[in-house]
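Hi everyone, thanks for coming. Let me put the sequence and the model up on the screen, and then we can walk through a few parts of it together.

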Amino acid sequence: MSKSSNAYNAGIMQKTGKAFADEYFAEDNQVVHESHEVVLVLKKSDELNTVVEEILQGSHKADNPTLVVEDRAGFWWLKATGKIEIDCVEVSELLGKHYSVYDLLVDVSSTIGRAYTLGETFTITSELMGLDVKLKDLAAA
Amino acid sequence: MAISTATKAATDALAANPAPVSVGAQEVHRWMQSFTWDFDKNRTKYSTKYKMANDTKEQFKLIAKEYARMESVKDERQFGSLQDVLTRVDAANRVHPKWNESMKVISNFLEVGEYNAIAATGMLWDSATAPEQKNGYLGQVLDEIRHTNQCAYINYYFAKQGQDAAGHNDARRTRAIGPLWKGMKRVFSDGFISGDAVECSINLQLVGEACFTNPLIVAVTEWASANGDEMTPTVFLSIETDELRHMANGYQTVVSIANDEAASKYLNTDLNNAFWTQQKYFTPVLGMMFEYGSHFKVEPWVKTWNRWVYEDWGGIWIGRLGKYGVESPRSLRDAKKDAYWAHHDLFLIAYALWPTGFFRLSLPTQEEAEWYEANYPGWYDMYGKVYDEWRARGCEDPSSGFLPIQWFIENNHPIYIDRVSQVPFCPSYCKGESTLRVLEFNGKKHSFSDQWGERMWLSEPERYECQNIFEQYEGRELSDVIAEGFGVRSDGKTLISQPHTNKDGKLWTLDDIKRINCVFSDPLKAL
Amino acid sequence: MTIEVNGGRRGLTDPEIAAVIMAAVPDKPLETQRKMNYFMKPRGKRINEYEVLCCYSQPTPDWIPGGLDWGDWTQKFHGGRPSWSNESTEMRSSDWLAHRDPAFRWHALYVKDKAEEWRYTDRFLKAYSADGHVRSIDPVWRDEVLGDYLGAFGFYEYGLFNSHSSVVRDCLGDTLRMSSAMIGLDKVDNAQMIQAERTFLSKLVPGFPESTDIPKQEWTKGTIFKGARELVQDIWQATYDWNEILFSGHMICDPIFGQFVRREFFMRLSSYYGDNLTPFFINQMQLYFSQTKGITTDMFHTCLGADVEFGDYNNRLMRAWANKWLPRTVNALKDFMAIYATIPEIKGVSDKAAIEAALVRVFADWKRDFADPINYKVDTAALVKTVLSGLK
């Protein structure tokens, strides 16, 4: 089990019974606390297993040391600080078949954070897209 | 460029480079924002107190045809799995019976939410001014049709192939009998479609979808898998692949009003009302379905809630918007209390009223009781001992003459319906955030369970006057109500609902209920 | 074994969990009625999959005819207006859930068709560009008609698309709502296809403007689409009755104005001007038109016009609506006649006689398919004459 603060069962989640209740009902936990993490739920599939195992936890593992990936039966649960980015041109090369960003979205099950596409790249970020950062269109040819 | 020059240039270009060319979705999408035009009558038919900006963007840049292609690939995968391998391995008959029953409710009630969201996003499509935003809502309209069909497909599949079709096969007709239905309509139906358009968006997208679909549609799949159900993960995880665009729509709704003065005046109240409205039903009902509707447990519901609702939705969505004036919902403290206890309170009532359901319920076993006590210290003294008493009085046996609702009457624990949320509550026997408040309006008494719903009522009582099941059924005998609502199986006498899922247990009939002579009464009349 | 399992363990494949589950599963199914929605009346001999997945998904109370629920709405609009109400339309029905898409398309079938069209569009455009067909298009037709007027027509489709939003919100039945959303999506698809064609041309023809600026100028300020623009604006934003929106858009405006512009102008003339690109897109629009026609004639003729209790009243109302919307549609078409002055005339193709023949075809089709079924008396020759008076 991951010891990262981004792990599925990090912090209070490791506690049970009264210890959990004490922290859960603690005064400090009666309001929300701003978080710069993002969560991604990827439905398990042939392609997404490759994305998770060979790209996010493989060739690009060093890009974001805060990324945690956990197996939740039907889906991969990912949490990272800042952002997670997937370049579908790279995925396409790895899979050996055409694979667009919309093919990726076929199996992207949930997002907590601001997710968007631009060209063949999928991004989920803690940035406030449209408020702090402008959302871009595909550049004209 | 002059016309003749352009033609020559095209010819020259072709000669130099005859490579095939096509057009991509995002190349078309980048012109979407210019598709509209100004004219005098161009205003929404659904008023909102907010002013939506006309330059709001759509985060995924889809056009109609690429949307269809993407969705079609999703469908090939899920329906291929269902019709092929899952049928071949007889997967529907390898699901724990308790979970088979839960899916009667979860899938059908989610279908209602999805169905109403078609209309809700039709309203938002109308009220948005930016074409990209309209396009995002349109995509959602189609998604919600998809989800309605998908949820139906789960019930259709379980009915056709599973171990107990009753309830799966006719939920759309029998669901209106019991105490969970009207609350579901408040949160999942009318709450999405009737009101200020932006208020509805906050209910549907910013809270309902961005917050509660994660436990309802994602986390539920882990519970399903643990209990042998691979149909639900196949369909629900595919549903959720559309929800991320809906969450983006909800976020863009906030972006579109962020610079509007009205936002600073109204947004936090609307957000708090939406959060309370949604949690008031989802928190207890989902917790009940997960924990009491399963044999194998994944984790305590309160942990699921703490992760998806409090830490991630609260921190990543609401917390991040703090700099734009969005505050932590004022009802959060009460919601957290509900997340710990309200599903236990609700199951006590749901089990007591089991004959009005369209599903079978089961009392907690000894090992489940130990699990509850370990995770919710104090559970046994409040709930476990009551279940032991009910079991000892033969509540599962049709010949016992005992319905658990009698226990509430004998012990002077009246069950009320909260007028605003339509959720039943027993103020004298509960640990969640419920206390009895009674107000009179239009010559009628109205009960409320909490300050947040009461405030909504006091502001706008005309929005929440819907009668409840006790008023509707008052004076009616229980078996008559069940028969009228088609709550029986195809033999015409055995109830769809049952108080157990034991495969060797006897099944209750209308006659068993009639012998008890249980007559509905409105508890408000006794006050 | 413990009842708490996690970390991805599955009851279907984990032998220990599976053994517990299988011991609890009944030896035989508890219920013999295994058809979902078995209680409903099907349109055909048996309940089909579309009817199972769509019908009665709408949770309306029984005082909205066809509904299965009881009681009031649990939340209403500010002031107390109901979520859905019979007063949202002048039409009357004994069963608002009776409509069926004649093609029985639920979502999966609908997107499958469109996905195939998109995939084929991509392949077609590649072949078209590699073949160099673009060289054969008449430059005036390409730059003025396709660049400006086809672009402007995209706004017509986009406006009609938007007219479906309040229908999707307000209509009173599940199959009605789903059909309305689908025919709405087809309209924005048409607008996007027009822009896709223009973007495609800009890739092949240096200097061809991809921007929507000139088409929008033509649509909002020009005279050729003036009547159409005013008509679309009123269908979209000035009409509140959801049945009237569908009726005016799909039973009057589009079968006359839309059909003429798409079928008789762009599609029929394009090949004469060396353009075999536009028909590829227009053919898809025409497929959507024919599917939409199946849907809306089921709504208005098969269901409302033939309603046992309210049929006579509904047909009378439809005739009143036709009286209201037909003259405006004819006027839109009359304005559109000015477009012929912008293209080189081809005898027998774009001269007055050919235009008149095209108008006769459109009005005859409309009379047969839309006017006669509601017993609406119309002098199509007079309508043709009025339209022709717009020729410059």
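Is strand β3 (residues 75-81) of chain A mostly covered or mostly uncovered? Mostly covered: six of its seven residues are buried, where buried means 20 or more other C-beta atoms, placed from the backbone, within 10 Å of the residue's own.

A quick word on what you are seeing. This is a predicted model, with local features needing pLDDT of at least 70, side-chain atom pairs counting only at pLDDT 80 or more, and totals for chains, interfaces and linings using all residues. Residues are numbered from 1 along each chain as its sequence is written, and chains are lettered from A and ligands numbered from 1 in the order written. Strands (E, at least two residues) and helices (H or I, at least four) are DSSP runs, numbered from the N terminus.

Back to β3(A). Strand β1 (residues 37-43) of chain A runs antiparallel to β3(A), joined by seven bridges; pairing takes at least two DSSP bridges. Here A:Val39 stands opposite A:Lys79. Strand β2 (residues 68-72) of chain A also pairs with β3(A) in the antiparallel sense, over five bridges, and A:Glu70 faces A:Trp77 there. In the hairpin of β2(A) and β3(A), two residues lie between the strands, and A:Ala73 has a positive phi near 70°.

Now over to chain B, please. Of the 31 residues in helix α5 (residues 131-161) of chain B, 29 are buried. At 1.5 Å a residue, α5(B) should span 45 Å, and its end C-alpha atoms are 44 Å apart, which agrees; the expected span is 1.5 Å times one less than the number of residues.

Methods. Buried ≥ 20, exposed ≤ 12 C-beta atoms within 10 Å, placed from the backbone.
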